[in-house]
There are 2 protein chains.
Amino acid sequence: MKVYVPFSPEDPKTRLSPVLTASERAAFGRAMLEDVVGAVEAVGHDPRVLATEPIAGPFETVVSTAPLSDAVNDVLTEHFDGTGGDGSEGVAVVMADLALATPEALERLFEPDADVTVAPGRRGGTNALVVRAPEFRVDYHGASFRDHRDIAERAGLEMKTVDSFRLATDIDEPADLIEVLLHGRGRSREYLTDVVELTEREGDVDVVR
Amino acid sequence: MKVYVPFSPEDPKTRLSPVLTASERAAFGRAMLEDVVGAVEAVGHDPRVLATEPIAGPFETVVSTAPLSDAVNDVLTEHFDGTGGDGSEGVAVVMADLALATPEALERLFEPDADVTVAPGRRGGTNALVVRAPEFRVDYHGASFRDHRDIAERAGLEMKTVDSFRLATDIDEPADLIEVLLHGRGRSREYLTDVVELTEREGDVDVVR
């Protein structure tokens, strides 16, 4: 299955600024991308970075300067046009900041034979999805999980969800780095352990430089 | 399997004060407890509320005024003393504020045949665990997931983890209510929908009264 991984290399992960410099955020964002792409490859699927500009590295890359939802919908259209509207193969979109993604977690995403399979992110996000129905389109703005559920329902499509902490954890804020340090297994954890560390104060866990 | 659900009825969930009154927090905490106990019963296990004081309702209750870790360790000691140190049956501890817990998610917790099975919570927490090794003891203070991993390792015990968004999501802060509204299926969601609602502003999702 083709698995598109949206990635924007320009000033990435600004909300991590309180703990990481601009160049550290770039390196860390890149490490997360490599972890996600590697996990997709490890389960035998075909990752393609859907990037806002050309990026260096051993990635198959598709460049689109369109906003995220439009770029993904273009990819869905092209995929299903290419299959003559046959949804049996499906196509997936997995966010590049899922630093905890493992092959096992991704297998649970790819497995269900539903029209649409979604791995919800926290705060209403959609962190990963598999589309097997040519008529489905995405809308990542706001509470996209709810929107995707509504879009599927209106189109009479079956939507399944994957209950995964690893896929629900996109890395946006300093507190999210706790999860990478504790549960990460790849390059992003390795990178991070050189720069920050866990602290505990009065039972509260946090991350400091 | 006996499944202990720690619960403190006194001034519960204070960090929800920005959006819920004291009596609403009490009612909501109670609704979450009922959802967790119901989900445990639905998978055929034997829930017991481990309460800091007697509570009303159709619950089998064990009262302990000891701090959480001590109360749970007393329960573990008693359980394994009662089985003559035989860990084959196991005993579980599931937090009362896992409002998203479903029978399916709990089945994945009870399933692995490991010495210790942990469902990690965010920020290093331990939201649920199953203990099949008489020598294991808990320490819920701070980054308890890491502590439990270390305790198991030092004792030569095998620890497995369950990758579940539903079990990772303990409801502590206002932002956590987003998850209950979007993904809850039980009484806690029902209660909450009468009091608060989701909002979106510039793509950010939040909860307001």
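In this predicted model, A:Lys13 forms a salt bridge with A:Asp97, the closest N and O atoms being 2.6 Å apart, where a salt bridge is a side-chain nitrogen of Lys or Arg within 4 Å of a carboxyl oxygen of Asp or Glu. A:Lys13 lies in the loop between β1 (2-7) and α1 (22-42) of chain A and A:Asp97 in the loop between β4 (91-94) and α3 (103-110) of chain A, so the pair ties together parts that are 84 residues apart in sequence; helices (H or I, at least four residues) and strands (E, at least two) are DSSP runs numbered from the N terminus.

**Charge pairs**
- Over all chains the count comes to 28 salt bridges, and between chain B and chain A it is six.
- A:Arg108 forms a salt bridge with B:Asp163, with 3.6 Å between the closest N and O atoms.

**Relation of the copies**
- Chain B can be laid on chain A by a turn of 180° and a shift of 0.0 Å along the axis, with an RMSD of 0.0 Å (least squares on the C-alpha atoms of residues with pLDDT of at least 70 in both).
- That is the relation of a two-fold axis.
- Of the interface residues of chain B, 100% are also interface residues in chain A, so the copies meet through the same surface.

**Interface**
- In contact, meaning heavy atoms within 4.5 Å, are 29 residues of chain B with 29 residues of chain A.
- The area buried between chain B and chain A is about 2600 Å², of which carbon and sulfur atoms give 52%; buried area is the accessible area (1.4 Å probe) that two parts lose on being put together, summed over both.
- In chain B, B:Arg123, B:Asp163 and B:Phe165 lose the most area to chain A, together 26% of what that side buries.

**Confidence and conventions**
- The mean pLDDT of chain A, on the predictor's per-residue confidence scale from 0 to 100, is 96, and 100% of its residues reach 70 or more.
- The model scores ipTM 0.97 and pTM 0.97.
- Residues are numbered from 1 along each chain as its sequence is written, while chains are lettered from A and ligands numbered from 1 in the order in which they are written.
- Local features need pLDDT of at least 70 and side-chain atom pairs count only at pLDDT 80 or more, whereas totals for chains, interfaces and linings use all residues, and side-chain values use heavy atoms, with hydrogens and water left out.
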